[in-house]
Amino acid sequence: MRHALATAAFATLAMCAAPAFAHAFLKTAIPAVGSSLPQAPAAVTITFTEGVEPLFSTITVKDAAGGQVDDGHVHAAGDDTRLAIGLKTLSAGIYTVAWHATSTDAHKTSGKFNFTIKP
């Protein structure tokens, strides 16, 4: 009996805790996090661990001086786990990508990473 109660309690806690982990985190990015590229990409594409709402999510790309170098148009890129933003013409240097994602279940996450374009 005690074992059955403990099992039921654990199962209940596990079900209650599961939604707390339902957040869209960065899974992969193109260009890759921390990458060093021989030429500038035309866009940044981020794949998240779960679906995101494009209207409530953002990606910005800035150069080392803090100037915005993206085209300002975040859009879905395939399924609901991928967002992309176009880039202006980039020269050699370090770029910072900042993202804010609202998952399809309304949880919010954010992060940032760098990539480098070689001279």
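This is a predicted model: local features need pLDDT of at least 70, side-chain atom pairs count only at pLDDT 80 or more; totals for chains, interfaces and linings use all residues.
Where is the place of Pro31?

View 1. The place of Pro31 is in the loop between β1 (26-30) and β2. The peptide bond that leads from Ile30 to Pro31 is cis, with omega near 0 degrees.

**View 2. An open sheet of four strands.** The strands follow one another in the order β2-β8-β7-β4, and their pairing is mixed. Because β2 (36-37) and β4 (58-62) stand at the edges, each with a single partner strand, one side of each is left without a neighbour in the sheet. Between β4 and strand β7 (residues 93-102), which run antiparallel, there are five bridges, and Thr60 stands opposite Ala98 in β7.

**View 3. The largest nonpolar core.** This core has 22 residues, and those with the most contacts inside it are Val44, Ile46, Phe48, Ile59, Val61, Val97 and Phe115. Two or more residues each come from β3 (43-48), β4, β6 (79-87), β7 and β8, and β7 gives the most, with four residues. When its neighbours within four places in sequence are left aside, Val97 is in contact with Val44, Ile46, Ile59, Thr60, Val61, Gly111, Lys112, Phe113 and Phe115.

**View 4. Ala106 in a loop.** The loop that holds Ala106 lies between β7 and β8 (108-117). Although Ala106 is not a glycine, it has a positive phi of about 75 degrees. Ala106 is also exposed, with a relative accessible area of 54%.

Conventions. Residues are numbered from 1 along each chain as its sequence is written. Side-chain values use heavy atoms; hydrogens and water are left out. Two strands pair if DSSP finds at least two bridges between them. Buried means under 20% relative accessible area, exposed over 50%, partly exposed in between (1.4 Å probe, protein chains only). A nonpolar core is a set of buried Ala, Val, Leu, Ile, Met, Phe, Trp, Tyr and Cys residues joined through side-chain atoms within 4.5 Å. Contact means heavy atoms within 4.5 Å.
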